[in-house]
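Please consult the sequence and the coordinates alongside the text.

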Amino acid sequence: MKIVVLKFGGTSVGTIKKIKRVAKIIIDYQKKNYKVIVVSSAMSGVTNDLIKKSSEISDNFSESEHDVLVSSGEQVACSLIAGRLIHEGYDSRSWLSWQIPILTKGKHKNSRINQINKRNIIKYLKKGGIPIVTGFQGLNDENRITTIGRGGSDASAIMIAKFFKAERCIIYTDVEGIYTTDPNKLKNAKKIKVISYEEMLEMASLGAKVMQPVSIQDARLNRIDIEVKSSFSKRSGTLITKRSNIFNNKIVTGISSTQNDSKVSLIGVRDKPGVAAAIFKPLSKNLINVDMVVQNISANGKETDLTFTIKSDDLNKTKKIIQQNKTINYRRLLFEKGVSKISVIGVGMISTPGVTFRMFQSLANKKINIKVISTSEIKISVLIDKKNTQKALIALHKEFKLNQKK
């Protein structure tokens, strides 16, 4: 069978009018003789509203009940899509994750799909049916509903594409693809026609909100090409694929930025084996994501200063965890909100010297101070004051000639 997986994000199914438009897109693929599997997110705003309700019930709401609660949003959207397709004369039905089932491993709120039972869906496709599958969720070995992280419908679509050996996996969203930077922040941002898994993973991890990082990792491991395009336009989107498929002379592919980071510094930490693990282990247990770790050893070799970044939403929890951690000794604990991480990303950086200098010089010319630096093979990230984010994006976009047409 020639199978295509179509995933629709919350903005694509946010209203009844938009759901009717989505139904037309699905029908177009059906008419092209594809066997279509649809994966849908909840309607935009629904998941946030459900999370808000849970916080009003309890400031320590059960994680297993959290997954039951927030997974209901996808059920509504899928039923509405299926209902519209039936109205248009097509055989369609919604499938909840536990009805297939889609099996997961890991903790509630952050599980991973590891198996999908294909039999009933395959039988339904062969009869000409269009299954509408709830994204973002699965079933664990205790028969409880689990969710796979915010934005997890992307991962659902990619894993469905893997298990059903789909010819195409298309992610429909409210933008026309992946851009050199957030087009809402910089009007000169250009759409990228083709991008590698590695570059997209870095961009998604470093602030680009179009794709969930876990889903990109799943696609890379399983060599599944992804098309990202708009459900509101017929223009071509962006293809996410392996590096060897890309012929591009750009040194830098894109620039990402974050708006919700905080810097944490432990000054005068006793320098001994295991101290870093003692600091970060309780943060990991509490699912606090740590980034941009920098350590400076004192001249006497007995103390170290340790700095790292976290999401600002986790700041109070992080502060409490560190202050209650009696296994570490330090002289001062400093926190700084209002910082932003700016990253330049591109596989072309591997073989091109001077990128670091050009980035730093460009920021210096605009009198933007760098607080923390972090690098990898294909990205350079710096931490700056949040107020300078727009100025930095404009300067770096111009420096690496990303305003030019591709």
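## Basis of the description

The structure is a predicted model. Every value quoted here is computed from that predicted model.

## Packing of helix pairs

Two packed helices are described by the angle between their axes and the distance between the axes. Helix H7 (residues 197–205) and helix H8 (residues 213–222) have axes that come within 9 Å and cross at roughly 165°. Because angles over 145 degrees count as roughly antiparallel, H7 is roughly antiparallel to H8. Their crossing is left-handed. On the H7 side, the contact involves Tyr197, Glu198, Met200, Leu201, Ala204 and Ser205, which meet Pro213, Ile216, Gln217, Ala219 and Arg220 of H8. Classified by residue type, the contact of H7 with H8 comprises seven nonpolar, two polar and two charged residues.

For helix H1 (residues 16–31) and H4, the axes come within 9 Å and the crossing angle is roughly 60°. H1 is therefore oblique to H4. The crossing of H1 and H4 is right-handed. Ile16, Ile19, Lys20, Val22, Ala23, Ile26 and Ile27 of H1 meet Leu80, Ile81, Arg84 and Leu85 of H4. The contact of H1 with H4 has nine nonpolar residues, no polar residues and two charged residues.

## The H3 and H4 pair

H4 (residues 72–87) also packs with helix H3 (residues 63–70), at an angle of about 15° and with the two axes 4 Å apart. This angle makes H3 roughly parallel to H4. Val68, Leu69 and Val70 of H3 form the contact with Ser72, Gly73 and Glu74 of H4. By class, three nonpolar, two polar and one charged residues take part in the contact of H3 with H4.

## Helix H11 and its surroundings

Which residues of helix H11 (residues 355–365) are buried? They are Val355, Met359, Ser362 and Leu363. Viewed down the axis of H11, these buried residues fall within an arc of 95°, so they line one face of the helix. Phe357 and Asn365, on the other side of H11, are exposed.

The cover over the buried residues of H11 includes strand S19 (332–345), strand S21 (379–385) and helix H12 (389–399). Just after H11, Lys367 adopts a positive phi of about 60°.

## Backbone geometry

Most residues other than glycine have a negative phi, and most peptide bonds are trans. Against this background, the peptide bond joining Ile100 and Pro101 is cis, with omega about -15°. Pro101 belongs to the loop between strand S3 (92–95) and strand S4 (102–105).

Arg223 is not a glycine, yet its phi is positive, at about 50°. Arg223 occurs in the loop between H8 and strand S13 (226–230). Its relative accessibility is 47%, so Arg223 counts as partly exposed. Lys401 is likewise a residue other than glycine with a positive phi, near 55°. Lys401 lies in the segment after H12 and is partly exposed, with a relative accessible area of 46%.

## Two residues and their contacts

Leu139 is located in strand S7 (residues 137–139). Is Leu139 buried or exposed? Leu139 counts as buried because its relative accessibility is 10%, and buried means under 20%. Setting aside neighbours within four places in sequence, Leu139 is in contact with Trp98, Pro101, Ile102, Leu103, Thr104, Arg144, Ile145 and Thr146. One of these contacts, Pro101, is also a partner in the cis peptide bond with Ile100. Asn260 is 121 residues from Leu139 in sequence, and the C-alpha atoms of the two are 32 Å apart.

Lys162 is placed in helix H6 (residues 153–163) and, at 34% relative accessibility, counts as partly exposed. Which residues are in contact with Lys162, leaving aside its neighbours within four places in sequence? They are Asn222 and Ile224. Between Lys162 and Gln295, which are 133 residues apart along the chain, the C-alpha atoms are separated by 41 Å.

Notes
Residues numbered from 1 in each chain as written. Predicted model: local features only at pLDDT ≥ 70, side-chain atom pairs only at ≥ 80, totals over all residues. Heavy atoms only, no water. Buried < 20%, exposed > 50% of the residue type's maximum accessible area, 1.4 Å probe, protein only. Helix = DSSP H or I, 4+ residues; strand = E, 2+ residues; numbered from the N terminus. Arc of directions from axis to C-beta. Contact = heavy atoms within 4.5 Å. Axes fitted to C-alpha atoms, helices over the stretch in contact; angles between N-to-C directions. Parallel < 35°, antiparallel > 145°, perpendicular 65-115°, else oblique. Left-handed = near helix turned anticlockwise from the far one by under 90°. Nonpolar A, V, L, I, M, F, W, Y, C, P; charged D, E, K, R; others polar.
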